[in-house]
Amino acid sequence: MPDGDADPVVRLVNQALGDLVLGIYLHGSAALGGLRPHSDVDVLAVVREPTTHAQRRLLVGELMRVSGVHNGRRPVELIVVVQRDVRPWRYPPTCEFLYGEWLRGDYERGMIPAPEPCPDLAPLLSMVLLADAPLHGPRPAELLDPVPVADLRRAIVAGVPELMAEVETDTRNVLLTLARVWTTLDTGSIRSKDAAAEWAIGRLPAGHRPALAHARAVYLGEAAESWDGLGARACAEFLARVVTGSHSS
């Protein structure tokens, strides 16, 4: 059943892209474990042909209107892929369009996302297939190929340096994402952020547990976002060493 927070996204994608749309899918927290207080609404659209600059500009304008807590709504992350760019699968895949609230400042300055290679699509498409949550169109397995395990592993590790660059500005998300990377590398499963953090906390040295436990509590709405004295950077650096080491071993 479509999540109500995703309904405006489905409508605007269909309005902006029309007959190009093959399918629209929910993934992320909403599909893997339920929306949390700080969860985005994560949506993937698969289209039959490349989009135009005008279509991407329209998507940005409409998404800025419906996305974000300043609008009294959840933040939206929308990814658009052209089916032939991801099926048959090849690495790195191409992302046709990306909208995320962390880029709002760029959008306000007139930036319009353009197609580009995107290793991050490997775990994202894996989550879409795992969630199996169509909002429009057929089940995702009818449009998407499974991502080979080797490509999934190298994609999630490739994103670690970018994550580490954001430890100070996006602490909660960095810690939770690193925990999920570790969980996926070690178990082969993709879990919700809070479930991945729960798995990782019990495997961390005692000194690093408070930071990740706090990140999980904030994500669940059980604590305020304050990082003083928790050693968040040290925890992130430990997690980064673990996941890069496990990938190379």
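This is a predicted model: local features need pLDDT of at least 70, side-chain atom pairs count only at pLDDT 80 or more; totals for chains, interfaces and linings use all residues.
Helix α9 covers residues 171–187 and helix α11 covers residues 209–219. Their axes come within 9 Å of each other and cross at roughly 110°. Because of that angle, α9 counts as roughly perpendicular to α11. On the α9 side, the contact is made by R172, L175, L176 and A179. On the α11 side, A211, L212, A215, R216, V218 and Y219 take part. Sorted by class, the residues of this contact are 8 nonpolar and 2 charged, with no polar ones.

Helix α11 has a set of buried residues: A211, L212, H214, A215, A217, V218 and Y219. In an α-helix, residues three or four places apart point the same way, because there are 3.6 residues a turn. After α11 comes G221, and the phi of G221 is positive, near 80°.

Helix α9 also packs against helix α10. The axes of α9 and α10 are 8 Å apart, and the angle between the two helices is about 70°.

The next topic is the aromatic rings. A pair of aromatic rings is described by the distance of the centres and the angle of the planes. The structure has 2 aromatic pairs. In one of them, Y99 and Y107 are stacked, with 4.7 Å from centre to centre and 15° between the planes. Y99 and Y107 are both buried. The other pair, W182 with W199, is edge-to-face, at 5.2 Å centre to centre and with 85° between the planes. W182 lies in α9 and W199 in α10, which spans residues 193–201, so this pair links parts of the chain that are 17 residues apart. W182 counts as buried because its relative accessibility is 9%. W199 is likewise buried, with a relative accessible area of 9%.

Elsewhere in the chain, strand β2 (residues 41–47) contains A45. Is A45 buried or exposed? A45 counts as buried, because its relative accessibility is 0%. Leaving aside residues up to four places away in sequence, A45 touches V13, G23, I24, L78, I79, V80 and V81. From A45 to S189 the separation is 144 residues in sequence and 23 Å in space, taken C-alpha to C-alpha.

The cysteines come last. A disulfide is a covalent bond between the sulfur atoms of two cysteines. How many disulfides does a search of the whole structure find? It finds 0 disulfides. For C95, the closest cysteine sulfur is that of C118, and the two sulfurs are 5.0 Å apart, which is too far for a bond. The cut-off for a disulfide is a pair of cysteine sulfur atoms within 2.5 Å. C95 is buried, with a relative accessible area of 5%. Another cysteine, C235, counts as buried because its relative accessibility is 0%.

Notes: Residues are numbered from 1 along each chain as its sequence is written. Side-chain values use heavy atoms; hydrogens and water are left out. Axes are lines fitted to C-alpha atoms, for helices over the stretch in contact, and angles run from 0 to 180 degrees between N-to-C directions. Helices (H or I, at least four residues) and strands (E, at least two) are DSSP runs, numbered from the N terminus. Angles under 35 degrees count as roughly parallel, over 145 as roughly antiparallel, 65 to 115 as roughly perpendicular and the rest as oblique. Contact means heavy atoms within 4.5 Å. Ala, Val, Leu, Ile, Met, Phe, Trp, Tyr, Cys and Pro count as nonpolar, Asp, Glu, Lys and Arg as charged, and the others, Gly among them, as polar. Buried means under 20% relative accessible area, exposed over 50%, partly exposed in between (1.4 Å probe, protein chains only). Rings of Phe, Tyr and Trp (its six-membered ring) pair if their centres lie within 6.5 Å; planes under 30 degrees apart count as stacked, over 60 as edge-to-face and the rest as tilted.
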